[in-house]
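Thanks for making time this morning. I would like to walk you through a few local features of one model, and I will give the cut-offs as the terms come up.

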Amino acid sequence: MAHHDEQSRPNAAREAIEQGRATLGIELGSTRIKAVLVGDDHVPLASGGHAWENQFVDRTWTYSLDAVWGGLRAAVAELLADAEERHGVRPTSLAAIGVSAMMHGYLAFDADDDLLVPFRTWRNTSTGPAAAELTELLGYNIPLRWSVAHLYQAVLDAEPHVADVRFVTTLAGYVHWRLTGRKVVGVGDASGMFPVDPSTRDYDADLLARFDAHAADRLPVDHLTDLLPQVLVAGQEAGRLTDEGVALLDPTGTLRAGTPLCPPEGDAGTGMVATASVAPRTANISVGTSIFAMVVLEKPLARVHHEIDLVTTPAGDLVAMVHCNNGASELGEWAGVFGRFATALGSDAGADEVFGVLLREALEGEADGGGLLAYNYLSGEPVTGLEEGRPLVVRTPDSRLTLANFVRTQVYGAFGTLSLGMRILTAEGVEVDAMYAHGGLFRTAGVAQRLLAAAVDTPVAVGRTAGEGGAWGIAVLAGYLASGATQDLGTYLTTRVFADAEIDVVQPDPADVAGYATWLERYEAGLAVERTATEVL
């Protein structure tokens with residue numbers, strides 16, 4: 001990213017704000033609402049945030065709409081104060097605004113624009129029968145969390161509210177609608193509502209017709225599209241901030257109405273933008289509580305795979321997503337154990353230092369982990385067909401238990417399920433030139449990056465500023481709109497946003513690749529032990 005030190009040019013930052021050249025990006029994540037103000041060179045100028053949590057109400061994971069607006073106002077207020085503190089000025093006019101949020105889920109409104117049932121988020125897994133029936137009907141993998149699965153499950157369950165539904169949208173689509181009055185959604189977010197055809201960059205017409213015929217007389221409209229938001233692609237204007245929108249976002253009235261908004265997007269799309277991986281043959285891997293890979297395809301997959309979700313970039317290119325429920329949490333638990341041991345010995349090492357020492361030790365381990373196995377399954381894992389998880393460390397009497405092998409296999413364990421999903425893509429002939437990795441695991445230079453390169457047998461890139469995130473990504477999409485969007489999005493990112501980016505690329509080491517392949521074979525066979533553990537423990 002073109003991250004110059006803004007302190008050395010405070011006047012430039014102040015001028016960008018005063019002259020209305022800055023863009024505002026807002027993302028509603030699952031635990032935090034973030035707002036970022038970005039200059040015309042894509043450098044963050046100010047930020048604000050607000051912590052929130054989903055509630056489990058009547059067996060449904062939800063957030064109240066009051067919490068949405070209270071959180072947004074708090075994040076924007078903090079951002080305005082931060083801008084004044086850092087640059088002596090509060091933004092009034094902006095070049096553009098973008099809204100992003102966690103994808104999928106179900107927000108259903110009636111003819112009077114009233115919410116019919118509490119927001120059903122992506123976390124709800126109550127849509128199994130609908131997802132299975134639609135996957136079969138459409139010949140397209142419809143995951144549990146997709147909006148159409150939620151809508152159709154309500155039909156199957158004969159929920160009384162279905163008769164009154166006149167509009168269904170995502171969280172980003174809802175916030176954008178209230179700010180602008182327009183019922184639209186970005187193509188990436190749309191692709192988590194209903195399948196998108198990459199050739200039209202709109203909902204798939206053939207699959208819509210199939211759904212309409214199947215659901216005839218069971219929905220209050222003849223065509224599903226009458227309920228869905230209009231699809232827009234990156235670079236298209238998606239409406240302007242209204243006076244009502246200003247009042248919702250900033251009751252002080254500092255921000256002015258009339259600012260254009262880019263299409264609202266999902267967090268998958270903003271993650272792709274934030275890692276410059278929107279062009280075919282690029283990919284990004286996010287490692288946190290869960291781990292997932294997003295691979296931009298050159299052509300559609302030949303077969304339907306329940307392990308692979310298909311979504312799109314904000315420009316409408318098809319993306320294969322391998323999503324695993326379990327990521328780096330178990331590695332973090334072990335780091336806590338070793339940290340406590342260090343403290344008991346009298347060391348004052350902090351958590352980051354302990355984590356760094358353990359990760360660097362992993363590089364001393366044997367390439368195949370010395371015969372050790374580690375399963376990071378704190379919860380169930382759809383990719384390997386497990387409904388529950390049991391974290392395990394397994395070894396044979398002749399395996400070599402050393403600290404280096406132990407930590408190496410814990411890191412391998414974080415990547416194991418992902419490798420099995422990626423193998424499906426390899427069998428489909430999908431090729432990737434580079435993977436961009438992000439998440440806390442990559443803060444320790446070179447370790448997880450090198451082992452991930454072995455796991456996916458592809459060069460892995462890590463940015464020096466791997467923590468910008470989705471709010472910055474949607475601010476960049478707003479900047480793309482403000483720029484006039486004359487280049488395609490991929491070119492814009494590589495030439496305008498990431499031209500000066502400091503990126504470290506690690507090539508896969510052949511010995512690591514061979515060792516990991518041996519380990520993965522053992523890991524796959526050992527899944528029988530994991531299954532048994534879920535049955536008896």
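Helices (H or I, at least four residues) and strands (E, at least two) are here DSSP runs, numbered from the N terminus. What you see is a predicted model, in which local features need pLDDT of at least 70 and side-chain atom pairs count only at pLDDT 80 or more, while totals for chains, interfaces and linings use all residues. Residues are numbered from 1 along each chain as its sequence is written, and side-chain values use heavy atoms, with hydrogens and water left out.

Let me start with Arg-120, which sits in the loop between strand E7 (107-109) and helix H3 (128-138). Is this residue buried or exposed? Arg-120 is buried, with a relative accessible area of 16%, where buried means under 20%, exposed over 50% and partly exposed in between, using a 1.4 Å probe and protein chains only. Leaving aside residues up to four places away in sequence, Arg-120 touches Thr-60, Trp-61, Gly-105, Tyr-106, His-150, Ala-154, Glu-159 and His-161, contact being heavy atoms within 4.5 Å. Trp-61 lies 59 residues from Arg-120 along the chain, yet their C-alpha atoms are separated by 6.2 Å.

Turning to the sheet, five strands form an open, mixed arrangement in the order E3-E2-E1-E6-E13, two strands counting as paired if DSSP finds at least two bridges between them. The edge strands, each pairing on one side only, are E3 (44-51) and E13 (265-266). Strands E1 (residues 23-28) and E2 (residues 32-38) run antiparallel and are joined by six bridges, with Leu-28 standing opposite Ile-33 in E2.
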